[in-house]
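I opened my notebook to look through a protein model, starting with the whole and ending with a single residue. Here is what I had on the screen.

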Amino acid sequence: MRRWSPRRWSLRVRLTALATVAVGLALAAASVTLVTAMSRSLVGDVTRAATTAVDDVAADLVAGRRPTATVPPQSLSLIQVQDSGGRVVQRIPDVRAGEVAGLPTDLPPEVRDARITARDEPNTIRPSDDTVLAWRTVSTPDGARTILVVSRLGPVTASVTLVVDALLVLAPLLTAFVGALTWFAVGRALRPVEVIRRRAEVISHSTLDERLPEPVTHDEVARLTGTLNEMLGRLDEGARRQREFVADASHELRTPLAAMRAELEVALRRDGDWPGVARRLLDDHRRLDRLTGDLLLLARLDDHPGPAGEQVRLDEIVAGELAEVRRVPVAVDLAPVVVTGVVPELTRLVRNLVDNADRHAASRLAVRLSARGGVAVLTVDDDGPGVPAAHRERVFDRFFRMDRSRARTSGGAGLGLEMVRRIARGHGGDATVGVAPLGGARFTVTLPLSQG
């Protein structure tokens with residue numbers, strides 16, 4: 001039979017056991033402390049009463065008066081005055097020792113046989129667990145006298161025993177009550193967690209749109225559930241984007257492959273111009289190679305959204321990419337700007353922006369780089385058809401193209417602007433699109449300035 005390991009106990013059992021044991025130990029320690037302190041206090045009271053009675057009788061004897069001390073009834077005390085020979089000359093109360101209920105008939109050997117010299121302070125002993133004895137020898141006009149006070153601890157013992165019996169009954173009951181209360185409270189507190197666990201158990205990659213039930217308690221469990229639901233939302237969004245990405249990538253890759261196959265089939269059937277076919281296949285190959293390179297870069301950006309970098313002169317990167325623009329004239333205004341980033345990624349960001357503007361510009365471009373408010377601002381304007389307001393966020397989605405201006409024949413695969421925004425955000429900035437003063441589109445990229 002398989003043994004039950006403590007590591008397999010439920011949280012409810014562990015918390016209940018821990019609380020019960022802790023309360024039990026605390027009650028045990030408190031009970032021992034209480035009984036000990038109570039016993040010491042009561043015994044101390046009896047001892048002080050006995051020594052006080054000794055001092056009172058001694059004062060009367062030294063002054064030549066007849067002792068008039070009273071016996072505290074709660075301690076069942078007996079006061080004796082003995083001469084130097086040990087003979088009892090006076091008793092308070094005036095009875096024999098054996099006639100007082102609960103008192104011993106014989107005195108302890110320490111007092112009965114000893115001849116004690118005069119002392120300034122009373123001496124006390126406990127000849128038995130149930131008796132306290134106090135005595136003192138003083139010089140009186142009638143000679144040396146020894147005063148003895150015998151007190152019983154019966155009432156003290158009875159009181160302590162009563163408290164011990166009560167604690168032996170109440171402490172286990174209180175411990176059991178705390179255990180039951182902890183079991184109920186922990187079970188009630190963990191009930192929403194169990195509901196959440198059962199719901200999470202049935203959520204899979206195909207049901208990421210489902211959410212965990214959020215309790216209305218507004219406590220730590222509710223906040224944890226909200227955080228988990230936000231995580232599920234991010235996973236769902238990531239899975240959706242991945243499915244769309246796979247579908248779009250498959251479609252984009254299929255297009256040049258189909259074109260290449262068609263070229264080869266036509267050339268085989270008609271015995272066509274093989275050098276021309278090779279040139280067209282090479283163009284398709286370049287397009288396919290660029291597309292796969294962009295996909296790999298986007299995959300790396302997904303894995304490492306915030307790369308560590310170095311200090312980079314962004315104006316030099318922009319100037320280098322503008323040198324490749326040949327189709328339209330470019331108005332350039334570049335201020336020296338230093339940012340922290342990865343040079344290849346920032347180069348790709350600038351290249352994609354410039355290529356996009358060059359592809360859609362009608363007759364001119366304007367590029368401006370400045371620094372303000374602790375950020376570098378790069379704007380690229382063109383005088384092309386622009387981007388409608390309804391599409392200004394979607395142009396940064398993967399494989400998104402607008403009609404005519406973003407057709408496949410224009411040379412773009414719909415990944416350039418997505419890459420621009422991903423790189424900008426990965427460097428702590430952002431990318432947006434609006435209306436350019438030239439009449440076309442204005443793409444704006446902001447990046448934090450280097451703090452070095």
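**Entry 1: the whole protein**

I noted before anything else that this is a predicted model. I looked up the secondary structure and found 8 helices and 12 strands. Next I checked burial: of the 452 residues, 37% count as buried. Among contacts with a separation of 6 or more, 61% are between residues 24 or more positions apart.

I took H1, which covers residues 11–62, and H3, which covers residues 154–202. Their axes are 9 Å apart and the packing angle is about 160 degrees. An angle over 145 degrees counts as roughly antiparallel, and H1 and H3 are therefore roughly antiparallel to each other. I also looked up the hand of the crossing of H1 and H3, and it is right-handed. What kinds of residues make the contact of H1 with H3? I found 24 nonpolar, 10 polar and 1 charged.

**Entry 2: helices H6 and H7**

The crossing of H6 and H7 is right-handed.

I listed the residues that make this contact. From H6 they are Leu 314, Ile 317, Val 318, Glu 321 and Leu 322. From H7 they are Val 343, Leu 346, Thr 347, Val 350, Arg 351 and Val 354. Sorted by type, the contact of H6 with H7 has 8 nonpolar residues, 1 polar and 2 charged.

**Entry 3: Asn 229**

Last, I picked out Asn 229, which lies in helix H4 (residues 220–270). Is Asn 229 buried or exposed? Its relative accessible area is 9%, and the cut-off for buried is under 20%, so I put Asn 229 down as buried. Which residues does Asn 229 touch, leaving aside those up to four places away in sequence? I found Arg 211, Leu 212 and Glu 214.

Methods. Residues numbered from 1 in each chain as written. Predicted model: local features only at pLDDT ≥ 70, side-chain atom pairs only at ≥ 80, totals over all residues. Heavy atoms only, no water. Helix = DSSP H or I, 4+ residues; strand = E, 2+ residues; numbered from the N terminus. Buried < 20%, exposed > 50% of the residue type's maximum accessible area, 1.4 Å probe, protein only. Contact = heavy atoms within 4.5 Å. Axes fitted to C-alpha atoms, helices over the stretch in contact; angles between N-to-C directions. Parallel < 35°, antiparallel > 145°, perpendicular 65-115°, else oblique. Left-handed = near helix turned anticlockwise from the far one by under 90°. Nonpolar A, V, L, I, M, F, W, Y, C, P; charged D, E, K, R; others polar.
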